[in-house]
Amino acid sequence: MNVTEEVGEQAAQFGMRLRELRRSQEMSQSELASRAGSTQGMVSQLESREKPPRDMLLSTMVQLAAGLGCRLKVRFVDNVGVVYLRRF
């Protein structure tokens, strides 16, 4: 998988999870957008399975997580699924 395909796959997974969390809290796209300092259109685009954005800022992801009352956690995983965590 090349970088463009990987980014698209990760964006799609992020969007599906975003939708799942938002719906579990019975929150509208507009309400999440308001809490995250975004727009309903942006939330809709992120959640879209048909054409999710190819790239997004980490700050946008953090704001959306905060709007859902969550924190964003990023992990590095190798090709066989081993997660690398190291505290400095």
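Glu20 is partly exposed, with a relative accessible area of 47%. By that I mean a value between the two cut-offs: buried is under 20% relative accessible area and exposed is over 50%, with a 1.4 Å probe and protein chains only. Arg17 is partly exposed as well, at 42%. The two form a salt bridge, with the closest N and O atoms 2.2 Å apart. A salt bridge here is a side-chain nitrogen of Lys or Arg within 4 Å of a carboxyl oxygen of Asp or Glu. Glu20 and Arg17 are three residues apart in helix H1, so about one helical turn separates them. Helices are DSSP runs of H or I with at least four residues, strands are runs of E with at least two, and both are numbered from the N terminus. In general, an α-helix has 3.6 residues a turn, so residues three or four places apart point the same way.

A word on the source. This is a predicted model, in which local features need pLDDT of at least 70 and side-chain atom pairs count only at pLDDT 80 or more, while totals for chains, interfaces and linings use all residues. Residues are numbered from 1 along each chain as its sequence is written, and side-chain values use heavy atoms, with hydrogens and water left out.

The salt bridge count is four. Now to Glu47, in helix H3, residues 40-47. Is Glu47 buried or exposed? Glu47 is buried, at 1% relative accessible area. Its side chain meets that of Arg19 in a salt bridge of 3.5 Å, N to O. This pair links distant parts of the chain, with Arg19 in helix H1 and Glu47 in helix H3, 28 residues apart. Arg22 and Glu47 also form a salt bridge, at 2.7 Å, N to O. Here too distant parts of the chain are linked: Arg22 is in H1 and Glu47 in H3, 25 residues apart. Arg22 is buried, with a relative accessible area of 7%. Through shared partners, the salt bridges join Arg19, Arg22 and Glu47 into one network.

Glu47 has a further partner in Gln29: their side chains are joined by a polar contact of 2.8 Å. A polar contact is a pair of N or O atoms within 3.5 Å; within protein, one must be able to donate a hydrogen and the other to accept it, and residues adjacent in sequence count only if both atoms are side-chain atoms. Gln29 belongs to helix H2, residues 29-36, and is buried at 16%. Setting aside residues up to four places away in sequence, Gln29 touches Arg22, Gln40, Val43, Ser44 and Glu47. Touching, or contact, means heavy atoms within 4.5 Å.

Next, H2 itself. Its buried residues include Gln29, Leu32, Ala33 and Ala36. They cover an arc of only 100° around the axis, so they lie on the same side of H2. The arc is taken from the directions from the helix axis to the C-beta atoms. Cover for the buried residues of H2 includes helix H1 (3-24), H3 and helix H4 (58-67). After H2 comes Gly37, with a positive phi near 70°.

Last, Leu68, in the loop between H4 and strand S1 (76-77). Leu68 is buried, at 5% relative accessibility. Beyond its neighbours within four places in sequence, its contacts include Leu18, Leu21, Arg22 and Leu32. Leu68 and Ala36 are 32 residues apart in sequence, with their C-alpha atoms 8.3 Å apart.
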